[in-house]
Amino acid sequence: MKQDNWQTHFKEAFKDSTSLLSFLEISYDQQAALKTLPYPVFVPRELAKKIKQKGPDSALWKQFVPSMKEEDQSGLKDPIGDQVHQKKGQLIHRYQNRALFLPTTKCPVICRYCFRKNELYDSQFHKDFSPQFNETLHYLKNHPEIEEIIFSGGDPLVLSDQKIWQYAQAFREAGIKMIRFHTRMPVVLWQRIDAEFIALMKKLTEIFEVVTIAIHVNHSEELSDKLCRVSQELAKLPLQLISQTVLLKSINDEAQELKKLFTELVKMRIRPYYLHHPDPVAGGQHFCLNLAEGRKIYHQLRRISPGWALPHYIIDISEGRGKTLAYNSESWDFSGEFIDKDGEIAKMTSEFR
Ligand SMILES: *Cc1c(COP(=O)(O)O)cnc(C)c1O
Ligand code: SF4
């Protein structure tokens, strides 16, 4: 008998458009057209069932099922400028006291709006990162100001518990005090948050001062009793659960929907943390709205939400110049300039106007 563990669910996911689109009962003509798209497909089966049940107009479908709109190649290949900064082994060190750690390029799902969609799945990107880890540790030794390591990717929870523990121990020995995981797993492959994983998190809370799990979730359709159950288990531990949401055109660009999502997350002990303005990525432009539109939605959201259910609305300045607040209470229109993380003026590309 097949084992009902998360690895099996991961392995049995739909990995190509033909199998996913046939399962979703999309016509052959449409399938043939969608097959010409240059972007890969990956959707776990349990999630695909939910997508099918919700139908083509749903937020779930639009986020994970390929669309011919991806043919539009306007926009940027590397919208937030990670390629520029990624020169320290597997680390992106952009803010003084914290660094992103990228141990994998794999994800448990492929989101059609992903800002890394032109970067993650290049064949040259699929490689074994282990040899670079010494370089990573060496960098940390020379930069004692780094206190927090943020596991990102890809999705770091595709790594085995053992591998995560090995990395975490090495970081602890290198003097890192805080650790964070950015993941979509609890939403798209909730089987990952099993008893062993909970035990691993417990061990981490014993050796780190702060442990954080940041859950990527965009719409109330993504919530489920499974997510509720895993967050309840995690919330028993001395760690913080926070959320990350991308503001996406035709998915969640509506204050009432966002309010519902954030209120439900709070009920699950997940604190709304960031609402990201979408990055103008090539192949994902159909999810983009401009800053004036985003600001109006956020303004509405503020009017109907208590502060504790309100995430920061933020945007990534291009060319690796960091995140900044995207809400401006003085005008809807975007002046075209932001102050970057170093206090310099950054002129933004026209996509944001
Ligand atoms: C977003 C990001 C972080 C984390 O920023 P927080 O504001 O602490 O959530 C760290 N490093 C990089 C490179 C980032 O893009
Ligand atoms: S989980 Fe994140 S990194 Fe992975 S495809 Fe989705 S948006 Fe991109």
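E70 and R112 form a salt bridge, with their closest N and O atoms 3.0 Å apart (a salt bridge is a side-chain nitrogen of Lys or Arg within 4 Å of a carboxyl oxygen of Asp or Glu). The model is predicted: local features need pLDDT of at least 70, side-chain atom pairs count only at pLDDT 80 or more, and totals for chains, interfaces and linings use all residues. Residues are numbered from 1 along each chain as its sequence is written, and side-chain values use heavy atoms, with hydrogens and water left out.

**The E70 and R112 pair**
- Helices (H or I, at least four residues) and strands (E, at least two) are DSSP runs, numbered from the N terminus.
- Both E70 and R112 are buried (buried means under 20% relative accessible area, exposed over 50%, partly exposed in between, with a 1.4 Å probe and protein chains only).

**Other salt bridges**
- The structure holds 15 salt bridges.
- One of them joins E25 to K52, and the closest N and O atoms are 3.1 Å apart.
- E25 lies in the loop between α2 (17-23) and α3 (28-34) and K52 in helix α4 (residues 45-54), so this pair ties together parts that are 27 residues apart in sequence.
- E25 is exposed at 64% relative accessibility, while K52 is partly exposed at 32%.
- E233 pairs with K236 in a salt bridge, the closest N and O atoms being 3.0 Å apart.
- E233 is partly exposed at 35% relative accessibility, and K236 is exposed at 62%.
- Salt bridges with shared partners join E70, R112 and K117 into one network.

**Helices α8 and α10**
- The axes of α8 (residues 161-173) and α10 (residues 195-207) come within 11 Å and cross at roughly 5°.
- Axes are lines fitted to C-alpha atoms, for helices over the stretch in contact, and angles run from 0 to 180 degrees between N-to-C directions.
- α8 and α10 are therefore roughly parallel (angles under 35 degrees; over 145 is roughly antiparallel, 65 to 115 roughly perpendicular, the rest oblique).
- From α8, D161, I164, W165, A168 and R172 meet E196, F197, L200, K203, L204 and I207 of α10 (contact means heavy atoms within 4.5 Å).
- By class, this contact of α8 with α10 has seven nonpolar, no polar and four charged residues.
- Ala, Val, Leu, Ile, Met, Phe, Trp, Tyr, Cys and Pro count as nonpolar, Asp, Glu, Lys and Arg as charged, and the others, Gly among them, as polar.

Definitions and conventions:
Chains are lettered from A and ligands numbered from 1 in the order in which they are written.
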